Amino acid sequence: MRAKRIDTNQNQVVKNLRQLGISVAITSMLGKGFPDLVIGYKKRNYLIELKDGKKAKSQKKLTECEEEFFNTWKGQINVCENIDDILKLLK
């Protein structure tokens with residue numbers, strides 16, 4: 001099994017969120033389409049698939065496994081490209 005590549009912005013986004021007191025579990029290593037981050041904020045959990053907003057649109061597409069996960073997951077899940085997207089979601 002090959003290691004899953006993380007988006008270049010993931011470490012900075014995680015650092016910024018934690019500095020704001022937001023709980024972040026990095027789950028990108030789980031693979032099989034599971035989102036990159038699980039965020040805990042104000043007693044709620046958020047599944048976040050993080051994409052690098054600086055990449056071309058074609059490079060930000062969900063993978064086949066991610067598409068399958070999104071289509072079968074019965075709960076909340078979001079695609080975000082940066083910390084601003086995540087903070088809008090948390091409001």
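Trainee: Which residue does E66 form a salt bridge with, and how far apart are the closest N and O atoms?
Mentor: E66 pairs with K51, with the closest N and O atoms 2.9 Å apart. A salt bridge here is a side-chain nitrogen of Lys or Arg within 4 Å of a carboxyl oxygen of Asp or Glu. Keep in mind that this is a predicted model, where local features need pLDDT of at least 70, side-chain atom pairs count only at pLDDT 80 or more, and totals for chains, interfaces and linings use all residues. Residues are numbered from 1 along each chain as its sequence is written, and side-chain values use heavy atoms, with hydrogens and water left out.

Trainee: What does the E66 and K51 pair tie together?
Mentor: E66 lies in helix α2 (residues 64-72) and K51 in the loop between β3 (44-50) and α2, so the pair ties together parts that are 15 residues apart in sequence. Those elements are DSSP runs numbered from the N terminus: helices are H or I with at least four residues, strands are E with at least two.

Trainee: Is that pair buried or exposed?
Mentor: E66 is buried at 3% relative accessible area, and K51 counts as buried too, at 7%. The cut-offs are under 20% for buried, over 50% for exposed, and partly exposed in between, using a 1.4 Å probe and protein chains only.

Trainee: Which other residue forms a salt bridge with K51?
Mentor: E49 does, with 3.6 Å between the closest N and O atoms. E49 is buried, as is K51. That puts E49, K51 and E66 in a network of salt bridges.

Trainee: How many salt bridges are there by this rule?
Mentor: Three. One of them joins E81 and K60, at 3.2 Å from N to O. E81 sits in the loop between β4 (78-80) and α3 (83-90) and K60 in the loop between β3 and α2, so this pair ties together parts 21 residues apart in sequence. E81 is partly exposed, with a relative accessible area of 27%.

Trainee: New topic. How many residues does the largest nonpolar core have?
Mentor: It has 14 residues, and L17, V24, L37, I39, I48, I86 and L90 have the most contacts inside it. A nonpolar core means buried Ala, Val, Leu, Ile, Met, Phe, Trp, Tyr and Cys residues joined through side-chain atoms within 4.5 Å. The elements giving two or more residues to this core are α1 (10-19), β2 (37-41), β3 and α3.

Trainee: What does L90 touch?
Mentor: Leaving out residues up to four places away in sequence, L90 touches I22, I39, Y41 and Y46; contact means heavy atoms within 4.5 Å. There's also a second, separate core of five residues, with F34, L47, F70 and I77 among them.

Trainee: Back to α1. Which residues are buried there?
Mentor: Q10, V13, V14 and L17. Seen down the axis of α1, the buried residues fall within an arc of 100°, so they line one face of the helix. The arc is taken from the directions from the helix axis to the C-beta atoms.

Trainee: And what's on the face turned away?
Mentor: That face of α1 carries the exposed residues N11 and Q19. The cover over the buried residues includes β1 (23-26), β2, β3 and α3.

Trainee: What about phi at K32?
Mentor: It's near 55°, a positive value in a residue other than glycine. Most residues other than glycine have a negative phi. K32 lies in the loop between β1 and β2 and is exposed, with a relative accessible area of 75%.
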